[in-house]
Amino acid sequence: MDGPVGPAGESGMRSLASWPDLVDNRAGVSGRHLRELFAGDPGRGEQMVAEAEGLRLDYSKNRIDSETVPRLVALAEDAGLRERTEAMFSGERINVTEGRAVLHTALRAPRGTVIEVAGHDVVADVHEVLDRMASFSDRIRSGDWKGHTGKPIRNVINIGIGGSDLGPVMAYRALRHYSDRDLTVRFVSNVDATDFVEKTHDLDPEETLFVIASKTFTTLETMTNARSAREWSLAALGDHAAVAKHFVAVSTNAEEVAGFGIDTDNMFGFWDWVGGRYSMDSAIGLTTMIAIGPERFAEMLSGFHAIDEHFRTAPYERNLPALMGLLTLWYAEFFGAETVAVLPYEQYLERFPAYLQQLTMESNGKHVRLDGTAVDYATGPIFWGEPGTNGQHSFYQLIHQGTHLIPCDLIFFARGLNPLGDHHDLLVANVFAQAEALAFGKTADEVRAEGVEEHLVPHKTFEGNRPTNVLMAERLDPATLGKLVALYEHSVFTQGTIWGIDSFDQWGVELGKTLAKRIVPELQAREEPELEHDSSTNALIRAYRAGRDRG
């Protein structure tokens with residue numbers, strides 16, 4: 001299928017038959033505080049809950065009434081969400097600007113499942129690569145794989161950027177509790193030399209393996225770091241043959257991989273139907289698999305698949321990804337919310353908000369529809385966040401009493417992974433307290449009743465009416481991490497479908513890359529180059545060259 005699927009016509013989302021009903025609902029909800037909504041519906045906290053695959057979503061503290069979700073569901077149906085979902089799962093080319101299928105769901109399909117692209121079963125290919133990854137990971141973890149001098153590998157450094165870094169580093173940190181603590185695992189992404197130098201300064205090259213993750217093996221930042229890694233290794237090991245024992249590649253470009261010195265038997269591939277930000281469960285996850293082992297990696301894939309099937313089959317009224325996507329759209333379109341805060345109350349999820357930044361904003365940061373016409377509504381809210389309780393002592397002030405409406409996702413687990421005194425009860429108490437405070441606030445009369453001096457009353461009043469989703473799972477394990485990532489993947493897809501945009505291309509990252517390649521030789525030229533940029537860029541180039549040369 002080559003054409004757009006969904007509401008990509010000239011008038012887009014607002015032309016859908018269900019849109020006026022949502023406009024009416026917004027008018028009815030806008031003047032009602034969450035205090036009133038809860039008072040008028042004592043069962044709201046039990047009714048506005050959806051559960052699936054061990055995840056529990058409490059969406060009762062959102063600025064919605066009993067009619068909002070049914071009307072949002074009608075919008076999703078009018079937008080063709082079910083049809084577009086089936087098109088994605090079946091391998092149709094829904095990435096229309098690149099003419100590609102979008103099949104990250106095939107990366108976690110069980111062995112024996114058949115999904116065809118151009119008449120070829122891709123699931124068999126996926127499991128062939130997973131089997132090779134598992135064999136290699138076991139050799140590293142067991143010490144069977146030896147470096148050039150015969151020492152086992154004790155350090156693994158992943159070199160990538162974007163989707164080749166954010167997913168693996170997030171997953172490694174999230175699952176560190178399950179990792180082999182005898183292995184040192186690090187990640188290099190920034191082309192700033194400091195990143196490479198700091199990540200390698202205390203390591204022994206004889207015991208260090210580099211995983212170079214670049215589909216094309218030409219990515220500027222990744223290959224710059226990879227060449228520095230090769231020089232660092234060879235400075236100690238001396239023999240160019242050592243590269244084959246200390247470097248492996250996650251790539252599809254066998255010629256470039258071999259030219260670098262890597263044995264192509266140690267090249268792990270993936271496919272053009274896997275977008276970078278959707279690739280952490282592909283060969284891009286090799287470093288994660290080395291750290292946690294193939295069995296745990298398989299558990300993560302099973303978690304992904306469980307939510308894939310839930311999203312594909314569950315009615316939208318009980319469909320966790322669809323509900324979260326619809327509520328995000330609700331605030332963006334009807335309340336002018338420009339950001340979403342993701343606040344995991346779990347230290348292991350410290351990089352989860354950063355991972356979601358690429359997943360959400362690279363996917364839905366689009367200004368035209370599938371057919372190339374301009375959108376006339378907001379798309380792609382800004383995602384950000386930090387782990388609780390740290391954020392409570394920094395930016396929560398703005399969420400509680402600032403002038404911006406910031407919907408929040410609060411994520412927590414019933415059981416902590418590191419029992420220590422009453423730490424976990426205190427952590428979870430803060431989740432509930434923040435959700436309650438954001439929803440209901442504190443009125444001026446309540447502040448006065450506490451005996452606060454009148455001139456301080458406005459400062460200690462909390463407006464409340466700030467929306468939250470509260471998401472709970474039993475504990476953070478590999479399967480649960482897979483479920484959480486898939487939850488947000490399909491939430492993003494839900495939003496993009498209704499907006500009628502292509503959530504799977506990323507042309508916005510290309511222009512800066514192209515200009516940087518043009519500027520690099522101008523910075524490195526021996527003689528003063530002839531510059532043809534704007535006056536600001538020309539002046540910056542000259543100032544940089546002068547400052548560098550003075551040094």
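**Close-up views of a predicted model**

**View 1. Helix α6 meets helix α13.** L130, M133, A134, S137 and D138 in α6 contact P294, F297 and L301 in α13, where contact means heavy atoms within 4.5 Å. Sorted by type, the residues of this contact are six nonpolar, one polar and one charged. Nonpolar covers Ala, Val, Leu, Ile, Met, Phe, Trp, Tyr, Cys and Pro; charged covers Asp, Glu, Lys and Arg; the others, Gly among them, are polar. Two packed helices are described by the angle and the distance between their axes. Here the axes of α6 (residues 122–142) and α13 (residues 294–313) come within 10 Å and cross at roughly 145°. Axes are lines fitted to C-alpha atoms, for helices over the stretch in contact, with angles from 0 to 180 degrees between N-to-C directions. Helices (H or I, at least four residues) and strands (E, at least two) are DSSP runs, numbered from the N terminus.

This is a predicted model: local features need pLDDT of at least 70, side-chain atom pairs count only at pLDDT 80 or more, and totals for chains, interfaces and linings use all residues. Residues are numbered from 1 along each chain as its sequence is written, and side-chain values use heavy atoms, with hydrogens and water left out.

**View 2. An open sheet has six strands.** The strand order is β1-β2-β13-β12-β10-β11, and the pairing is mixed. Two strands pair if DSSP finds at least two bridges between them. At the edges are β1 (49–52) and β11 (382–384), each pairing on one side only. From one strand to the next, the twist averages 15°. Strands β10 (residues 339–344) and β12 (residues 408–413) run parallel and are joined by four bridges. Opposite A341 stands C408 in β12.

**View 3. E53 and F217 have positive phi.** Most residues other than glycine have a negative phi. E53 has a phi near 50° and sits in the loop between β1 and β2 (55–58). For F217, phi is about 60°; this residue lies in the loop between β7 (208–213) and α9 (220–237). Is each one buried or exposed? E53 is partly exposed because its relative accessibility is 42%. F217 is buried, at 2% relative accessible area. Buried means under 20% relative accessible area, exposed over 50%, and partly exposed in between (1.4 Å probe, protein chains only).

**View 4. A cis peptide bond joins G388 to T389.** Most peptide bonds are trans. The bond from G388 to T389 is cis, with omega near 10°. T389 is in the loop between β11 and α16 (396–401).
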